[in-house]
Amino acid sequence: MSVPGTVAVVGGGTMGAGIVHVFLAAGSSVVLAEADAERAALGVSNVEASLKKAEERGKLDGTAAELLTRLSTVEDLAALPTDTALVVEAVPERLDLKRAVFATAARRCPDAVLASNTSSLSITELAEGLPGERLIGMHFFNPVPVQALVELVVHPGLAASTAATARGWAEALGKTVIEVRDSPGFATSRLGIAVGMEAIRMVEEGVASAEDIDTGMRLGYAWPMGPLRLTDLVGLDVRLSIAEHLARELGPRFEPPQLLRDKVARGELGRKTGQGFFSW
Ligand SMILES: NC(=O)c1ccc[n+]([C@@H]2O[C@H](COP(=O)([O-])OP(=O)(O)OC[C@H]3O[C@@H](n4cnc5c(N)ncnc54)[C@H](O)[C@@H]3O)[C@@H](O)[C@H]2O)c1
């Protein structure tokens with residue numbers, strides 16, 4: 001299967017810009033939808049920066065400038081091309097916002113697959129009252145052009161043909177697909193948080209230093225990076241809020257350790273503030 005002819009990406013931030021990049025690179029025409037003209041221009045410059053970086057590294061077929069000729073923008077979803085085959089939303093993590101995006105996009109693009117890049121919201125809830133048969137979770141990873149995984153999230157109302165189409169497109173992007181039943185944290189966040197929280201509890205209990213726990217996982221289990229360094233990169237506040245969400249949904253085994261709460265309260269959020277489990 002090849003990538004769709006026309007793709008709409010809603011939201012041109014960290015994830016949206018990366019998703020635009022990979023579809024342009026694979027040959028699609030892409031319409032980037034942002035809330036206003038200023039943010040649309042910012043989204044385009046995010047895409048441009050990402051493509052230029054790939055071009056400099058010799059990772060692009062063609063030049064960034066050539067690929068950008070297939071990118072356009074809209075500030076109103078009611079102006080999307082009606083023959084759009086795929087609408088991917090990458091707007092902030094709010095159920096009401098994502099539902100509103102899909103409601104308009106579904107009306108405007110009657111044949112489009114509707115894909116959400118949410119990392120934690122329930123796809124089943126997202127699809128309520130919308131054409132659920134064509135709405136699927138398509139979870140990309142950051143940075144999108146580099147990370148090889150797409151986690152497809154399926155729910156009871158989904159048509160098998162939608163799942164097959166979304167899988168084919170993700171594979172045409174060169175990604176490897178895993179399929180996960182809609183459940184809190186899907187597969188990747190759930191397992192990533194479980195290991196991350198346990199690593200923090202081990203620091204709290206004085207089992208080993210952060211450095212040694214990470215080295216243990218890198219050299220003993222061939223992880224590219226240890227769970228505590230990863231927590232610093234993602235942000236301690238971000239991981240805390242995911243753990244709280246999973247504790248509410250799945251029970252006390254996901255309860256965040258006090259050490260994590262204390263560090264977040266002190267503003268030690270990881271790389272972005274210069275201090276987390278490590279100094280940056
Ligand atoms: N950042 C990550 O590492 C990561 C990884 C996987 C999934 N996600 C998920 O991807 C989604 C987006 O995350 P992000 O980090 O790219 O966020 P971001 O804040 O960088 O980007 C969000 C973009 O959406 C735009 N936006 C807001 N309201 C809009 C509207 N009504 N219409 C069109 N555009 C609108 C904003 O202007 C912004 O450019 C979230 O659901 C997040 O959970 C993030």
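I started with T104, which touches L77 and A78 when residues up to four places away in sequence are left out; contact here means heavy atoms within 4.5 Å. T104 sits in helix α4 (residues 95-108). Helices are DSSP runs of H or I with at least four residues, strands are E runs of at least two, and both are numbered from the N terminus. For the record, buried is under 20% relative accessible area, exposed is over 50%, and partly exposed lies in between, with a 1.4 Å probe and protein chains only. I also checked T104 against I19, 85 residues apart along the chain, and their C-alpha atoms are separated by 20 Å.

A note on the ground rules: this is a predicted model, where local features need pLDDT of at least 70 and side-chain atom pairs count only at pLDDT 80 or more, while totals for chains, interfaces and linings use all residues. Residues are numbered from 1 along each chain as its sequence is written, and side-chain values use heavy atoms, with hydrogens and water left out.

Next I looked at the sheet. It is open, with 8 strands in the order β3-β2-β1-β4-β5-β6-β7-β8 and mixed pairing; two strands pair if DSSP finds at least two bridges between them. Which strands are at the edges? They are β3 (71-74) and β8 (176-181), each pairing on one side only. Neighbouring strands are turned by 25° against each other on average, direction ignored. Helix α4 packs on this sheet, touching β1 (6-10), β4 (86-89), β5 (113-116) and β6 (135-140), and its direction makes about 165° with that of β5. Axes are lines fitted to C-alpha atoms, for helices over the stretch in contact, and angles run from 0 to 180 degrees between N-to-C directions.

I then followed individual pairs. Strand β2 (residues 29-33) runs parallel to β3, joined by 4 bridges, and V31 stands opposite S72 in β3. Strands β6 and β7 are antiparallel over 4 bridges, with F140 opposite V150. Strands β7 and β8 run parallel through 6 bridges, and here L152 faces E179. How much of β7 (residues 149-154) is covered? I found 5 of its 6 residues buried.

F140 came up again in the largest nonpolar core: of its 39 residues, F23, I136 and F140 touch the most other members. Such a core is a set of buried Ala, Val, Leu, Ile, Met, Phe, Trp, Tyr and Cys residues joined through side-chain atoms within 4.5 Å. Helix α1 (residues 14-26) gives the largest share of this core, 7 residues. A second, separate core has 24 residues, including L114 and I123.

Last, I went to the other end of the chain. Helix α11 (residues 258-265) has L259, L260 and K263 as its buried residues. They cover an arc of only 100° around the axis, so they lie on the same side of α11; the arc is that of the directions from the helix axis to the C-beta atoms. Among what covers them are α7 (188-204) and α10 (236-250). After α11 comes G267, with a positive phi near 80°. In helix α9 (residues 227-234) I picked out T231, which is buried at 1% and touches L236, R239 and F277, residues up to four places away not counted.
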